[in-house]
Amino acid sequence: MTTLIKGFVFDLDGVITDTARFHYQAWKKVAHDELGIDINPAVNEKLKGVSRMDSLNVILKFGGKENAYTDTEKREFATEKNDLYKSLIKQMTPADILPGISNFLQAITKAGYPMSLASASRNAPFIIERLELGEYFAAIVDPATLSKGKPDPEIFEKAADLIHSPYADTVGLEDAVAGIEGIQRAGMFAVGVGKPEVLGKADILFPDTAHLDLAKIEAAFAEKRK
Ligand code: BG6
Ligand code: MG
């Protein structure tokens with residue numbers, strides 16, 4: 001099928017691999033031990049796609065302690081969480097790639113579309129290396145270079161720039177509502193992976209990664225272009 005797609009930009013956590021459980025495990029411990037706050041899965045939902053420092057602020061707000069600590073103390077908590085998180089992700093292997101993703105990346109490569117990574121995580125390059133997926137991604141956005149987090153479109157625009165893909169010709173994949181919003185604000189075509197209650201605004205939605213289908217995405221993209 002001929003389409004006008006010029007490139008794909010991917011979220012990492014929740015699309016390529018399920019690192020949310022490791023972020024949760026690490027934050028749960030730091031929140032309990034250091035902040036005296038017990039977080040739950042509903043709080044964890046709010047941490048998806050959100051930067052490390054913003055995640056800490058979400059937790060502090062949940063615990064009613066948003067003004068209890070200095071910036072230095074907050075940086076220390078964030079570092080402690082990241083050390084814990086790193087000790088968890090260092091055991092990751094290609095077996096942690098979500099179902100269907102390897103085939104999907106192969107299909108995109110075969111079709112000749114370049115891909116880049118638009119992840120808010122500073123650990124993304126390490127995770128891609130652990131999963132042995134480096135060959136598929138021409139570039140990875142460095143979140144340290146961003147001025148705003150998702151749902152701002154900046155990260156998706158940078159990811160598309162890195163593979164020279166005009167925004168209107170770019171497809172973005174996301175599992176978080178803030179990500180879908182960012183992709184669409186960048187003028188890109190948004191592919192959602194998840195539930196319609198959460199990601200209803202996506203241009204096309206798949207219930208999980210195993211159902212991702214390049215031909216369906218190409219067809220939906222072409223249809224929207226009509
Ligand atoms: C996102 C995750 O991909 O990266 C968030 O969904 C996380 O939960 C953010 O807070 C930042 O990750 P890191 O690895 O830089 O702390
Ligand atoms: Mg995600």
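The protein chain is divided into domain 1 (7–17 + 94–224) and domain 2 (20–89), with bounds that come from an automatic or database domain assignment. Residues are numbered from 1 along each chain as its sequence is written, and side-chain values use heavy atoms, with hydrogens and water left out. As a predicted model, it is described by local features that need pLDDT of at least 70 and by side-chain atom pairs that count only at pLDDT 80 or more, whereas totals for chains, interfaces and linings use all residues.

Between them, domain 1 and domain 2 bury about 790 Å², of which 50% lies on carbon and sulfur atoms; buried area is the accessible area (1.4 Å probe) that two parts lose on being put together, summed over both. Asp13, Ala120 and Asn123 supply 40% of the area that domain 1 buries against domain 2, more than any other three residues.

Within the strands (DSSP runs of E, at least two residues, numbered from the N terminus), five of the five residues of S4 (residues 170–174) are buried, so this strand is largely enclosed by the rest of the structure; buried means under 20% relative accessible area with a 1.4 Å probe, protein chains only. S4 pairs in the parallel sense with S1 (residues 7–10) over four bridges, pairing requiring that DSSP finds at least two bridges between two strands. S4 also pairs in the parallel sense with S5 (residues 189–193), over four bridges.

Conventions
Chains are lettered from A and ligands numbered from 1 in the order in which they are written. Buried means under 20% relative accessible area, exposed over 50%, partly exposed in between (1.4 Å probe, protein chains only).
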